[in-house]
Amino acid sequence: MQQYIGTFRQSYFAYAGDELIREHAASGGVITALLDFALRSKRIDGALVCSTAVIDGHVVPQFTIAADRQTLLTAQGSKYIAVDFNRDALPLIRAFKGRLAVVALPCDLTNLRRLAEHDESIREKLILTIGLFCGHNSRPELTEMVVDKIKPAGAVLTDYRYRQGHWRGELEACFDNGDVIHKPFSYFSDYQNLFYFCQQKCHHCHDHTAYQADISIGDIWSLRMKENPIKHNAIIVRSESGAAIFEAALQAGAIKGQPEPIEEICEGQARSLPFHYNVSARARAGKKLGIAVKDPMQTRVRWFEFLTAYMALKNEKRSRGPEGMKEVAHIPRFILKLKLYVMKGLESI
Ligand SMILES: Cc1cc2nc3c(=O)[nH]c(=O)nc-3n(C[C@H](O)[C@H](O)[C@H](O)COP(=O)(O)OP(=O)(O)OC[C@H]3O[C@@H](n4cnc5c(N)ncnc54)[C@H](O)[C@@H]3O)c2cc1C
Ligand code: SF4
């Protein structure tokens, strides 16, 4: 378990004390509550967050440095679309004058930490880093395909939310003809969970819980939490500075929650954690499929791990290019569901 989690001080289940923050949150709203608390208590002057814009009918991720609550609220929710942190976020960080919190995916935080080691001006302004748990991210084509499938004829997308609401939640798409379409999140996540349109860099990655963050935050998918009317986040507090700010937010009531054993955090990611860590399985499966995956981990690969990795890589490869997109779009939903059952079955052995 240590290898999945890295070093840490304390783990929690928690949620935002403010109902308004919970309303549009990806999960329990702890990230936004923590940033809002840090801004209000003048511990930071700004927070790097990622929102989405819709430009000419296409969803585009956009980094911003939020200095007020409204901007934090606008940036809520998970953006399951490839981001270019070095191109779009780093210049904002470099230009910002003041104390900064950064929310980022594990790979982007690792790069930022590496840069900060050699760049004092970045190191000095980084007060708090919050890492998202991350199974993998998706190429923009997945969002495009899902929007194409649900959009009314002739309408153009004007706004898009990947996931909101309880448990898995719903996606929301707004169009220029006034239609607002809600669909179960599975309209998107069935493809995502089968690794169609997965970013190729994710095949090489084993960091699911953001080892380099001051605080790592994700969802909880344990059945014990499904009936809980308030969605909670899983939290891993790693650094001394992370612990100080998290405990202050708890005391102030900005965040509500309690310590939970780290095993409970792992239970909430029971299938995805071992899969993600096992780069060796993807390297072996990649050899059969002509996909080169570097294997620095050299971990044991059991037959079911090989098969799961093989399915994931095969699906990713199949979804490449315009032809791939067309092919995947035509897979009947019951076949997708069947494939998911097989994959989940293999992951659960
Ligand atoms: C690509 C991706 C994969 C994920 N995979 C998993 C997983 O496998 N397991 C799991 O438990 N959790 C995963 N998460 C995290 C989870 O979806 C929630 O974002 C997390 O639990 C925080 O919830 P919250 O309610 O506190 O966030 P909110 O209060 O809604 O705030 C979310 C914050 O995250 C920032 N953000 C959203 N997307 C991005 C992005 N792409 N890059 C940088 N910042 C971003 C927003 O700016 C916002 O500040 C993933 C998130 C992403 C974006
Ligand atoms: S899986 Fe790894 S490489 Fe892929 S987006 Fe997540 S952190 Fe980055």
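How many nonpolar, polar and charged residues does the shell around ligand 1 have? Some notes on that and two other spots follow.

1. Ground rules: this is a predicted model, with local features needing pLDDT of at least 70 and side-chain atom pairs counting only at pLDDT 80 or more, while totals for chains, interfaces and linings use all residues. Residues are numbered from 1 along each chain as its sequence is written, and side-chain values use heavy atoms, leaving out hydrogens and water.

2. To the shell, then: 31 residues surround ligand 1 (a residue is near if one of its heavy atoms lies within 4 Å). By class they split into 14 nonpolar, 14 polar and 3 charged, with Gly counted as polar and Ala, Val, Leu, Ile, Met, Phe, Trp, Tyr, Cys and Pro as nonpolar, Asp, Glu, Lys and Arg as charged, and the others as polar. Among the closest are Thr32, Cys50 and Asp219.

3. A polar backbone atom of cysteine 50 is 2.6 Å from an oxygen atom of ligand 1, and a backbone N or O atom of phenylalanine 133 sits 2.9 Å from a nitrogen atom of the ligand.

Key
Chains are lettered from A and ligands numbered from 1 in the order in which they are written. A polar contact is a pair of N or O atoms within 3.5 Å; within protein, one must be able to donate a hydrogen and the other to accept it, and residues adjacent in sequence count only if both atoms are side-chain atoms.
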